[in-house]
Every structure is written in C-alpha cells, then in structure tokens.
Amino acid sequence: EKSGINRPGGDFPTAGSQVSSLGCDTARACHWLTATLAPSRSVFKPFVFCSSNKITGLTQSPAGVRLAPGERKHPLWKMVEAGKEGGEEIRQLESWCLETGYQERRKPFSEIDNVFNEAVEKEFNLRQF
C-alpha cells in the first residue's frame, strides 16, 4: 500500500501486526495481534498474559528446518491470504475483541482467560464460508 506500513507482498511483506496497551495500576498490558498478513484485512485479537497461554494450532506455523517460507504458513494465515473476508461478522468480531481485551486486562491474574485463542477460532470459523 502507498503508506508502506501494510506490505502484502514483495521482498519484505508484513508478517503480522501488533498494537499494545501498556499496563497501569488498574489494568495489565493487553496486546492486540493479527497473527496474519495484511493488517487492513485482519482482526486484531486480544492477548493478555495468563496462566494458560498455550497458543492454538490455528496460529502455529509448521516446524521443520527444511521448510520454505511458503510452507510455514499456519491455517489462519492461509485463510486470510486466500481473501476469505467474513463480511459484517468480522466487524462484529473486532468489536468483541476490543471489549473482551479491555475486560480481561482488568481481571486478577488467576481469572484471566486465554481470549486470544477464542478470538482466533472465531475468526477462522467466520472466514471458512
């Protein structure tokens, strides 16, 4: 794109984007991650450090020292790359992600849920159709 921020292709494409709200006395840090290319087509999903930070397989790249870059794409990346938009439901998911991220960051550590995985699964399911 003209701004140079969102680079969907070329020699150095965007490989995921992040926006962070830093913590303070009343809230923990919350990081919104796309886990995909092209932030303009992706959903920023909330990630708050918690005791159950195991990441879903939908955002884990295949492992292997001999894999080419194109073979390292995880399922959500492939779905967004294929251009499966998801329509108005994606905009609703973005609102849910913002609200949920702000709620989770205000909880005590022991009560924080892994909402990143939940958001990834919701986005993946919306883009399947």
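Reader: How many salt bridges does a search of the whole structure find?

Author: Bear in mind that this is a predicted model. The search of the whole structure gives six salt bridges. One of them pairs K45 with E123, whose closest N and O atoms are 2.8 Å apart. K45 belongs to strand 3 and E123 to helix 3, so this pair ties together parts that are 78 residues apart in sequence.

Reader: Are K45 and E123 buried or exposed?

Author: Both are buried. They also belong to a network of salt bridges that links K45, E123 and R127.

Reader: Which salt bridges does K107 form?

Author: K107 meets E104 at 2.7 Å, N to O, and its salt bridge with D113 has the closest N and O atoms 3.6 Å apart. Now look at accessibility: E104 is buried, with a relative accessible area of 4%. K107 is partly exposed at 26%, and D113 is partly exposed at 43%.

Reader: Now the sheet, please. What is the order of the strands, and how do they pair?

Author: In general, strands of a sheet pair through backbone hydrogen bonds, either parallel or antiparallel. Here, three strands make an open sheet in the order 1-2-3, with antiparallel pairing. Strand 1 (18-21) and strand 3 (45-47) are at the edges with a single partner strand each, so one side of each has no neighbour in the sheet.

Reader: Which helix packs on the sheet and touches strand 1, strand 2 and strand 3?

Author: That is helix 2 (residues 88-104), whose direction makes about 160° with that of strand 2. Helix 3 (residues 115-127) lies across strand 2 and strand 3, at about 165° to strand 3.

How values were computed:
Residues numbered from 1 in each chain as written. Predicted model: local features only at pLDDT ≥ 70, side-chain atom pairs only at ≥ 80, totals over all residues. Heavy atoms only, no water. Pairing = 2+ DSSP bridges. Helix = DSSP H or I, 4+ residues; strand = E, 2+ residues; numbered from the N terminus. Contact = heavy atoms within 4.5 Å. Axes fitted to C-alpha atoms, helices over the stretch in contact; angles between N-to-C directions. Salt bridge = Lys/Arg side-chain N within 4 Å of Asp/Glu carboxyl O. Buried < 20%, exposed > 50% of the residue type's maximum accessible area, 1.4 Å probe, protein only.
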